[in-house]
Amino acid sequence: MKDIETPRPLTHDLLVGAVEALGAEFQDVMITELKDHTYYAVLRVRSEGELIEIDSRPSDAIAVAVSCDPILPIYVNEDVLNDLMGSEEI
């Protein structure tokens with residue numbers, strides 16, 4: 001995603017630029033929940049010492065993570081992993 005040039009910013013590039021322009025910085029991505037076959041995520045941003053969580057679709061959060069330099073860490077809640085592993089049972 002980083003090596004593809006576009007004539008205008010994509011949404012995740014816009015978000016990264018806006019957060020940085022406001023003097024904040026992305027900290028990481030958390031995949032927080034699996035509910036009714038839908039994953040939930042938050043982008044965590046640090047601004048003036050405060051940690052702010054921004055609700056996001058996981059796909060968008062991951063796109064932001066790989067758009068940052070350096071790439072953001074992506075964490076998955078242990079309960080989500082357990083649910084995922086439990087659904088893989090045969």
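**View 1. Asp28, Arg44 and Glu53 form a network of salt bridges.** A salt bridge is counted when a side-chain nitrogen of Lys or Arg lies within 4 Å of a carboxyl oxygen of Asp or Glu. The model is predicted: local features need pLDDT of at least 70 and side-chain atom pairs pLDDT 80 or more, while totals for chains, interfaces and linings use all residues. Residues are numbered from 1 along each chain as its sequence is written, and side-chain values use heavy atoms, without hydrogens or water. The closest N and O atoms are 2.6 Å apart between Asp28 and Arg44, and 3.9 Å apart between Arg44 and Glu53.

**View 2. Arg57 and Asp60 form a salt bridge.** Their closest N and O atoms are 2.9 Å apart. Arg57 is exposed, with a relative accessible area of 55%, whereas Asp60 is partly exposed at 33%. The whole structure holds three salt bridges.

**View 3. Four strands make an open sheet in the order β3-β2-β1-β4, with mixed pairing.** Strands (E, at least two residues) and helices (H or I, at least four) are DSSP runs numbered from the N terminus; two strands pair if DSSP finds at least two bridges between them. β3 (50-56) and β4 (74-76) each have a single partner strand, so one side of each has no neighbour in the sheet. β2 (residues 38-47) pairs with β3 in the antiparallel sense over seven bridges. Within β3, Ile52 is the bridge partner of Val45.

**View 4. Helices α1 (residues 11-21) and α2 (residues 58-67) pack on the sheet.** Contact means heavy atoms within 4.5 Å. Helix α1 touches β1 (25-35) and β2, while helix α2 touches β1, β2, β3 and β4. The direction of α1 makes about 130 degrees with that of β1; the direction of α2 makes about 40 degrees with that of β2. Axes are lines fitted to C-alpha atoms, for helices over the stretch in contact, and angles run from 0 to 180 degrees between N-to-C directions.

**View 5. Leu81 sits in helix α3 (residues 78-87).** Leu81 is partly exposed, at 39% relative accessibility.

Methods. Buried means under 20% relative accessible area, exposed over 50%, partly exposed in between (1.4 Å probe, protein chains only).
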